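Look at the chain as a whole before turning to single residues.

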Amino acid sequence: MYTQSFNVPDKADAPPGAALKAVPHDSALQAHFDAVIDADGKIEPRDWMPDAYRKTLVRQISQHAHSEIVGMLPEGNWISRAPSLKRKTILVAKVQDEGGHGLYLYSAAETLGTSRDQMFDALHSGKAKYSSIFNYPTLTWADVGVVGWLVDGAAIMNQIPLCRCSFGPYARAMIRVCKEESFHQRQGFEALLSMMQGTAEQKAMVQDAVNRWWWKCLAMFGPPDADSPNSVQGMRWGIKRISNDDLRQKFIDATVPQAEVLGVTLPDPDLKWNAERGHHDHGPIDWDEFWAVVNGDGPCNKERLATRVKAWNDGQWVRDAALAHARKQEERAMKEAA
Ligand code: BYC
């Protein structure tokens with residue numbers, strides 16, 4: 001007898017009730033999923049998973065992928081104006097890496113059953129979010145160094161725990177991404193260090209860039225835990241391992257001594273070591289500004305989206321040509337096989 005499940009025995013040679021047991025019930029699948037999560041195991045694309053887990057991952061991974069490719073724009077803007085061949089080579093490699101990160105992440109999201117076309121459609125129509133940080137302009141060459149030092153620094157802090165995310169493809173993509181981000185962060189720091197050993201104008205340029213980016217980087221970690229609707233469930237599922245506020249605190253504590261080495265001031269009069277807590281206290285973050293930017297009202301939101309949409313439209317002929325080539329190859333292979 002054929003059913004959807006081939007391991008259901010025929011009635012004649014099976015004990016009563018056996019057929020029912022052979023097809024796992026949703027609650028059994030849920031129990032297995034919960035057990036894997038509780039044991040800190042990995043969920044793989046072919047495993048059963050609750051719809052809400054799948055949806056959360058598609059949301060987070062696709063938004064992360066969008067952040068990587070939109071993140072290419074503010075720095076890509078400086079490739080043609082890098083101050084030396086060495087700096088240009090480093091910047092080209094870094095921006096290219098970000099494109100690669102986007103591709104790993106789109107591939108990881110595809111294993112959950114969404115398509116690249118769907119994800120791009122969500123980005124281009126403004127439905128999908130991407131990191132707030134990329135809606136600010138890179139005004140001077142020092143901004144490129146500060147993006148490497150602080151933006152990539154914040155990104156690594158957020159992404160190291162994602163290497164232990166419960167969803168296998170995302171966790172594995174993050175391991176490689178973090179290795180590359182660590183190079184990005186160090187190249188930014190090194191570029192700033194050499195500017196800080198330069199002229200008074202160069203030093204002032206670095207300080208100005210730090211002043212403009214510091215608060216935006218703190219907001220990158222997302223809203224405070226108390227206002228973060230996705231955190232509790234994300235932590236329960238082992239997608240998020242450390243909360244938004246705790247990651248923000250770790251980033252501040254790690255960055256303060258780096259700023260001292262560089263010789264720059266972080267623009268927060270309330271920033272000071274609290275021996276009792278064993279952490280730095282900091283001043284209030286402007287969450288109204290953060291939400292305005294997330295909701296499309298930042299200084300560069302329209303420009304960033306328009307650039308991505310144009311790149312997509314301009315690339316139509318490449319996608320058409322690749323598909324035509326693949327079709328021809330398939331036809332040739334069929335003819336040869338016939
Ligand atoms: N910007 O409940 P919450 C990079 C949204 S790229 C915009 O805490 P969750 C790099 C959030 O999506 C770095 N939106 O959410 C590339 C949610 O809205 P929805 C990108 C933000 O998911 C090139 C709502 O606020 N990294 O490294 O638990 C050059 C409530 O938040 C932001 C990632 O994407 C934000 N900053 O936690 C250089 C990492 N923050 O979706 C560098 C992966 C929050 O419900 N993502 N929102 O409509 C994550 O770790 C988490 O998704 C977040 C947010 C910590 C960002």
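Among the contacts in the protein with a separation of 6 or more, 75% are between residues 24 or more positions apart. The model is a predicted one, and its secondary structure consists of 14 helices and two strands. Along its principal axes, the C-alpha trace spans about 90 × 60 × 30 Å.

Of the 338 residues in the protein, 45% are buried. The accessible surface comes to about 18300 Å², and carbon and sulfur atoms hold 57% of that surface. As for charge, the protein carries 39 positive and 43 negative side chains. The centres of these two sets lie 5 Å apart.

Where is empty space left? Rolling a probe the size of a water molecule over the atoms shows this. The largest pocket holds about 1100 Å³ of space. Its lining is made of 45 residues, and those closest to the pocket centre are Q63, S131, N158, M220 and G222. Several helices take part in this lining: α3 (51-70), α5 (85-110), α7 (141-159), α8 (168-196), α11 (244-262) and α12 (287-297) each supply at least two residues.

One of the residues closest to the pocket centre is M220. Find M220 in the loop between α9 (200-219) and α10 (231-236). Leaving out residues up to four places away in sequence, M220 touches S131, S132, I133, V151, A154 and A155. S131 is also listed among the residues closest to the pocket centre. M220 and E110 are 110 residues apart in sequence, and their C-alpha atoms are 25 Å apart in space.

Helix α7 supplies lining residues to the largest pocket, and G145 has its place in that helix. G145 has a relative accessibility of 5%, so it counts as buried. Which residues does G145 contact, leaving aside its neighbours within four places in sequence? They are G188 and L192. G145 can also be compared in position with A209: the two are 64 residues apart in sequence and 8.8 Å apart in space, C-alpha to C-alpha.

Helix α5 is another contributor to the pocket lining, and K86 lies in this helix. K86 is partly exposed, because its relative accessibility is 48% and exposed means over 50%. From K86 to G168 there are 82 residues in sequence, and the C-alpha atoms of the two are 37 Å apart.

S115 sits in the loop between α5 and α6 (116-124). With a relative accessible area of 30%, S115 is partly exposed. S115 and G71 are 44 residues apart in sequence, with 21 Å between their C-alpha atoms in space.

D40 belongs to the loop between α2 (26-38) and α3. What is the phi of D40? The angle is near 65 degrees, a positive value in a residue other than glycine. The relative accessible area of D40 is 47%, so D40 is partly exposed.

How values were computed:
Residues are numbered from 1 along each chain as its sequence is written. This is a predicted model: local features need pLDDT of at least 70, side-chain atom pairs count only at pLDDT 80 or more; totals for chains, interfaces and linings use all residues. Side-chain values use heavy atoms; hydrogens and water are left out. Helices (H or I, at least four residues) and strands (E, at least two) are DSSP runs, numbered from the N terminus. Buried means under 20% relative accessible area, exposed over 50%, partly exposed in between (1.4 Å probe, protein chains only). Contact means heavy atoms within 4.5 Å. Accessible areas come from the Shrake-Rupley method with a 1.4 Å probe; for residues, only the protein chains shown count as cover. Lys and Arg count as positive and Asp and Glu as negative; His and the chain ends are not counted. The place of a charge is taken as NZ of Lys, CZ of Arg, CG of Asp or CD of Glu. On a 1 Å grid over the protein atoms alone, a cavity is a set of points where a 1.4 Å probe fits but cannot get out, and a pocket is an open set with protein on both sides within 12 Å along at least five of seven lines; lining residues have an atom within 4 Å of a point. Grid points are joined across faces, edges and corners, and a volume is the space filled by probe spheres set on the points.
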